[in-house]
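Open the model in your viewer and keep the selection tool ready. The stops below run from the whole chain down to single residues.

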Amino acid sequence: MSNIIAIVQARMSSSRLPGKILLPLMDKTILEQVINRVRPVEQISDIIVATSDNGMDDIVESFCLEKDIPCFRGSEENVLERFYFCAREYEADIIVRITADDPLKDSEVIAKAVSLFEVGDYDYVSNTLEPTYPEGLDVEVFSFKALEAAYKKAELSSEKEHVTPYLYKNPAGFRLCNFKNETDLSKLRWTVDTPEDYLFVKQVYQTLYHKPEEIFLLRDILDLLKQKPELSAINSGHKRNEGYLNSLRKEEEKKEEEEQKQEKAAKVLQEHSLRQRIYGNELKYVNQVLSTQFRSSQGAVMMQRLEEAFAKKIGTKFAIAMMNGTCTLHAILEAAGIGVSDEVIVPPLTMSSTTFAVLQANATPVFADVDPNSFTINPISILNRITSRTKAIITVSLYGLSPDMDVIMRIASEYHLLVIEDNAECLLGTYKGRMVGTLGHIASYSFQSSKHITSGEGGMVVTDSLPLAQAVRRVSSLGYAGVDATKAKITKKTIQDPDYARHLTMGWNYRMPELCAAVALGQLENVDALVSRRVKVAQMYEEVIEDTDWLLPQFVGDDHKCSYWTYAVRLMHPFITWKEFRDRYVANGGDGFYAAWRLTYLEPMMTQRSLLKRDKFISGKNLRRYKKGLCPIAEELQGQLLQFKTNYWNDEDAKKQIQALNKTIEFFSKRSTDQLQ
Ligand SMILES: Cc1ncc(COP(=O)(O)O)c(C=O)c1O
């Protein structure tokens with residue numbers, strides 16, 4: 001049987017009649033009278049008050065608590081989102097939308113709407129598409145699926161502020177039904193929006209309301225108005241649906257504002273010069289999280305927004321947010337069932353997290369060599385490392401450049417291996433026109449402070465595979481029952497149930513905190529500008545080193561677009577040492593650059609076996625192989641690489657580096673010529 005719930009939209013702020021929903025109306029408040037009039041509708045199982053997370057509405061929550069009325073809190077402005085999360089929290093199949101300022105609501109009209117929805121094959125039923133009922137007797141019934149679609153697709157602020165416009169403005173996408181009253185009563189105004197409305201409603205109640213159980217209906221009010229026609233005159237003269245009309249007007253103004261903003265942003269992009277890295281909605285979203293007071297009903301809301309936006313940007317079905325780009329890799333391996341005695345092929349020229357994740361899963365890292373030009377993992381070397389124990393390959397999009405993924409995927413398919421893209425250093429890079437992150441079976445990202453977008457720390461997994469996404473979510477959420485690929489949060493109803501069997505599997509608590517999600521979401525909104533800035537800085541370096549034959553930049557083939565986490569260059573001069581070059585660069589005003597990480601298998605934790613007892617899991621001879629000579633090309637490259645920073649947010653800062661590099665090259669070129677003479 002379908003779970004039908006009524007969501008009563010309620011908030012204290014109102015421009016014309018602040019606090020109206022808690023104004024007294026006979027022995028109750030307006031809000032209670034509304035609820036009292038919805039209660040007789042038998043099909044409705046629960047009535048929930050959905051108020052905002054604005055501090056002004058704390059009083060609504062306290063009031064509901066006192067009266068034992070379920071209360072949900074959510075976004076103040078985005079009421080569509082508030083409804084969606086509320087409906088999800090209460091596991092609704094069908095939603096009846098009620099507004100808290102209509103104390104003359106008619107239970108028979110509501111029941112009629114619900115019955116129509118139940119018998120017809122509709123997504124949305126209402127009496128408002130062509131209004132014939134008095135204003136204030138409006139009712140809308142819609143499916144959770146339709147609400148979810150609106151939540152995911154709505155873009156205009158008028159669609160978000162008013163819950164259902166997206167549905168009725170898209171009749172091709174939703175089956176709509178409007179029902180009418182026999183006579184057109186749409187001119188009558190029975191809602192409470194102004195002091196005059198309140199007066200009118202009070203007069204009606206004073207005559208018709210005797211006790212809460214005796215509900216008076218539309219026909220009773222009409223009879224009363226026949227007897228006392230002067231009552232209708234109290235509040236006549238206001239336009240119907242003023243709230244929505246106001247929204248449309250505001251939207252026009254906002255559109256103009258938005259156009260101006262976009263023009264400005266385009267200018268910024270054109271100049272490739274951002275003032276700084278955090279300049280968008282990050283703070284606004286952080287404040288939104290703080291204003292929830294970390295109420296559990298508001299948990300994972302930002303995280304979900306981020307996940308949806310990230311999946312959309314990369315072009316995958318699922319995105320799962322986590323605490324960093326190391327636990328993402330570990331969670332993927334655990335979710336894929338990779339563990340003791342399994343081997344995972346990784347490159348050694350990368351940040352050690354790629355290998356750490358394998359060790360954390362109690363599996364064996366097997367190192368494949370890299371390509372001397374692109375510096376990324378070499379498919380031929382992968383092929384040579386495959387054994388009967390191999391279960392997966394972790395490819396690394398090093399410095400923003402993906403490896404030759406088509407070849408790697410062919411090898412993987414031949415040997416039934418899982419391919420995990422470690423894209424911690426690559427956001428919005430492409431390969432043969434496809435987005436990096438959609439090339440392997442599953443991919444991982446990092447939002448650590450040096451990355452393209454950051455939330456201080458943070459990570460993300462993306463995939464098109466439902467089983468993998470589900471398993472990753474579960475593993476990273478302590479094995480909880482009730483979470484799934486697109487759902488990070490367990491509903492209150494489930495978690496409060498004494499029979500709830502929580503942990504379907506063992507798991508880790510790797511969920512991304514809401515504050516990080518808020519920052520990452522703000523960053524993601526500016527990701528194009530943030531990435532193109534780095535690409536621009538890389539181009540500036542390139543122009544300087546172009547004619548220097550002893551400096552070889554990472555080779556980016558025609559099939560690739562590199563997103564340049566750093567601009568990596570191979571120093572290949574017989575008489576200039578890495579340290580000499582760096583010292584001169586700094587002396588010339590440069591910030592300094594990074595060396596490539598020591599190869600992972602040559603780190604003390606590997607050579608000295610400080611593996612926290614994981615060495616016992618490492619399959620036989622591999623342990624003996626972690627020593628010099630294993631990947632000769634990577635070993636040669638590691639000491640030669642200069643990783644120039646690309647995170648300069650304005651041209652002046654970048655130019656300083658370019659000038660320093662220019663001077664340094666000139667210095668050593670001259671020295672070489674002098675030495676030769
Ligand atoms: C290639 C690579 N993988 C994994 C990570 C780990 O990410 P995090 O620092 O978010 O754990 C990083 C960077 O830090 C990285 O560069």
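## The whole chain

Of the 677 residues in the protein chain, 47% are buried. Keep in mind that this is a predicted model. Show the cartoon: the protein chain has 26 helices and 23 strands. Turn the view along the principal axes. The C-alpha atoms fill a box of roughly 115 × 55 × 40 Å. Now think about contacts between residues at least 6 apart in sequence. In the protein chain, 72% of these join residues at least 24 apart.

## Stop 1: the ligand

Select the ligand and the residues around it. There are 14 residues around the ligand, and Asn-324, Gly-325, Thr-326, Ala-424 and Ser-446 come nearest. Colour the shell by class. The shell around the ligand has nine polar, three nonpolar and two charged residues.

## Stop 2: helices H14 and H18

Select residues 327-335 for helix H14 and 466-476 for helix H18. The axes of H14 and H18 lie 8 Å apart, and the two helices pack at an angle of about 115°. The crossing of H14 and H18 is right-handed. Show side chains at the contact. H14 brings Ala-331, Ile-332, Glu-334 and Ala-335. H18 answers with Leu-468, Ala-471, Val-472, Val-475 and Ser-476. By class, the contact of H14 with H18 has seven nonpolar residues, one polar and one charged.

## Stop 3: helices H13 and H20

Next, select helix H13 at residues 301-314 and helix H20 at residues 514-525. At what angle do the axes of H13 and H20 cross? They cross at roughly 35°, and the axes come within 8 Å. The crossing of H13 and H20 is left-handed. On the H13 side, pick Met-302, Met-303, Arg-305, Leu-306, Ala-309, Phe-310 and Lys-313. They meet Glu-514, Ala-517, Ala-518, Ala-520, Leu-521 and Leu-524 in H20. The residues of the contact of H13 with H20 divide into ten nonpolar, three charged and no polar.

## Stop 4: helices H8 and H9

Move to helix H8, residues 195-208, and helix H9, residues 218-227. Their axes come within 11 Å and cross at roughly 100°. H8 is therefore roughly perpendicular to H9. Val-204, Thr-207 and Leu-208 of H8 make the contact with Asp-220, Ile-221 and Leu-224 of H9. The contact of H8 with H9 divides into four nonpolar residues, one polar and one charged.

## Stop 5: the loop between E12 and H16

Select the loop between strand E12 (364-367) and H16; Phe-375 lies here. Ile-377 is found in the loop between E12 and H16 as well.

Start with Phe-375. Is Phe-375 buried or exposed? Phe-375 is buried, because 26 other C-beta atoms lie within 10 Å. Check its backbone: phi of Phe-375 is near 70°, a positive value in a residue other than glycine. Most residues other than glycine have a negative phi.

Step on to Ile-377. With 29 C-beta neighbours inside 10 Å, Ile-377 counts as buried. Leave aside residues up to four places away in sequence. Ile-377 then touches Pro-347, Ala-368, Val-370, Ile-382, Thr-395, Val-396 and Pro-403.

Continue into helix H16 (residues 379-385), where you will find Leu-383. Leu-383 counts as partly exposed because it has 15 C-beta neighbours inside 10 Å. Now draw a line from Leu-383 to His-162. It spans 57 Å, C-alpha to C-alpha, and 221 residues in sequence.

## Stop 6: Leu-612

Select the loop between helix H23 (604-607) and helix H24 (621-625) and find Leu-612. Phi of Leu-612 is near 50°, again a positive value in a residue other than glycine. Leu-612 has 9 C-beta neighbours inside 10 Å, so it counts as exposed.

## Stop 7: Asn-647

Finish in the loop between strand E23 (641-645) and helix H26 (651-676), where Asn-647 lies. Asn-647 has 19 C-beta neighbours inside 10 Å, so it counts as partly exposed; a residue is buried if the count is 20 or more. Asn-647 and Val-537 are 110 residues apart along the chain, and their C-alpha atoms are separated by 7.9 Å.

Definitions and conventions. Residues are numbered from 1 along each chain as its sequence is written. This is a predicted model: local features need pLDDT of at least 70, side-chain atom pairs count only at pLDDT 80 or more; totals for chains, interfaces and linings use all residues. Axes are lines fitted to C-alpha atoms, for helices over the stretch in contact, and angles run from 0 to 180 degrees between N-to-C directions. Helices (H or I, at least four residues) and strands (E, at least two) are DSSP runs, numbered from the N terminus. Angles under 35 degrees count as roughly parallel, over 145 as roughly antiparallel, 65 to 115 as roughly perpendicular and the rest as oblique. Two residues are in contact if their C-beta atoms, placed from the backbone, lie within 7 Å. Ala, Val, Leu, Ile, Met, Phe, Trp, Tyr, Cys and Pro count as nonpolar, Asp, Glu, Lys and Arg as charged, and the others, Gly among them, as polar. A crossing is left-handed if the near helix is turned anticlockwise from the far one by less than a right angle, and right-handed if clockwise. A residue is near a molecule or strand if its C-beta atom, placed from the backbone, lies within 6 Å of it. A residue is buried if 20 or more other C-beta atoms lie within 10 Å of its own, exposed if 12 or fewer, and partly exposed in between; C-beta atoms are placed from the backbone.
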